[in-house]
Amino acid sequence: MPELPEVETIKRYLNKAISGKRIVNIEILSKKQFPDNPKEVIGEKILSVERRAKNLIIKLSNKKTLIIHLKLSGQLIWERKTKIPVKSTRVIISLNSGKLFFNEMRKFGWIKILNQNQLDLELARFGPEPLSKDFSIEYLQKAFGNTSRPIKIVLLDQEKIAGIGNIYANEALFEAKINPQKLARRLTAGEIKRLRKAILLVLKEGIKYNGASAADQLYVKPDSSFGSYQQYFRIYQKNGEKCQKCKTIIERISLGGRGTFFCPKCQM
Ligand SMILES: [Zn+2]
């Protein structure tokens, strides 16, 4: 699933590519992926493309918003020239120049039209953005203190922290030398400090390398090229390989149904 760095990469690309353009047509090939009436936004100008958690938010001149969630396999492909849609194309947004293709193989992702109140409601449930000043040691102490769940599962909880998914949770816990199964409320002050620093580090690395196109290669940038952060993974999907810090063999367990990778020595 595209996580904060992947969605941020798409956001930055699209903000440059489509801001200032006008929506001239929306072709819906799968109603489930675009349940609203496209007439509400035809003719409107795109003011900016923003991100909150794993959502892309396209702000329009009529104060409405197109909010997009890519879920597991959604892709946004930007084409300056007309191109025939692929098999997984669900929505085609035509602008006064160029087209935005929403491809979604597994059909979980969606595009919705929201007004400002609806958008505020939709976004209210998310925890702080890790790259904002709200993501403080004090906040994490509070967020971790009142839960009896393992830290890895808490990191994936979008209501606690926005934007972290399986890749960056695994990477951050390895970097902070914390066992993914450790209960969040048992983390020491020192561990919380290390974990915050590690989260910031791996997310910034992810953005720097334009996101990670992991083994499934479902994540692509709007120009159809891959991100490159997968080349720098420390632990994710490296079970059976040697830990880069201590050479112990990396293990894989399932935690909350998600593949969880850790070094049994570094992350005791
Ligand atoms: Zn190790």
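View 1. Nine of the 10 residues of H5 are buried, where buried means under 20% relative accessible area, exposed over 50% and partly exposed in between (1.4 Å probe, protein chains only). Among them are Asn-166, Tyr-168, Asn-170 and Phe-174. Just after H5, Lys-177 adopts a positive phi of about 60°. The model is predicted, so local features need pLDDT of at least 70 and side-chain atom pairs count only at pLDDT 80 or more, whereas totals for chains, interfaces and linings use all residues. Residues are numbered from 1 along each chain as its sequence is written, and side-chain values use heavy atoms, with hydrogens and water left out.

**View 2. Glu-171 and its polar contacts.** Glu-171 belongs to helix H5 (residues 166–175) and is buried, at a relative accessible area of 0%. Its side chain reaches the backbone nitrogen of Arg-234 at 2.8 Å and that of Tyr-236 at 2.9 Å. A polar contact is a pair of N or O atoms within 3.5 Å; within protein, one must be able to donate a hydrogen and the other to accept it, and residues adjacent in sequence count only if both atoms are side-chain atoms. Beyond neighbours within four places in sequence, Glu-171 is in contact with Val-202, Tyr-232, Phe-233, Arg-234, Ile-235 and Tyr-236, contact meaning heavy atoms within 4.5 Å.

**View 3. The packing of H1 against H6.** Helix H1 (residues 4–18) and H6 pack at an angle of about 40°, their axes 8 Å apart. Axes are lines fitted to C-alpha atoms, for helices over the stretch in contact, and angles run from 0 to 180 degrees between N-to-C directions. From H1, Leu-4, Pro-5, Glu-8, Thr-9 and Arg-12 meet Leu-203, Gly-206 and Ile-207 of H6.

**View 4. The zinc site.** The protein donors of the zinc ion are Cys-243 (SG), Cys-246 (SG), Cys-263 (SG) and Cys-266 (SG), at 2.3 to 2.4 Å. Donors are N, O and S atoms within 2.8 Å of the metal (3.2 Å for Na, K and Ca); water is not among the atoms, so sites may look incomplete. The donor residues follow the spacing C-x2-C-x16-C-x2-C. Cys-243 lies in the loop between helix H6 (189–208) and strand E9 (251–255) and Cys-263 in the segment after strand E10 (258–262), so the pair ties together parts 20 residues apart in sequence. Cys-243 is buried at 1% relative accessible area, and Cys-263 is buried at 0%.

Notes:
Helix = DSSP H or I, 4+ residues; strand = E, 2+ residues; numbered from the N terminus.
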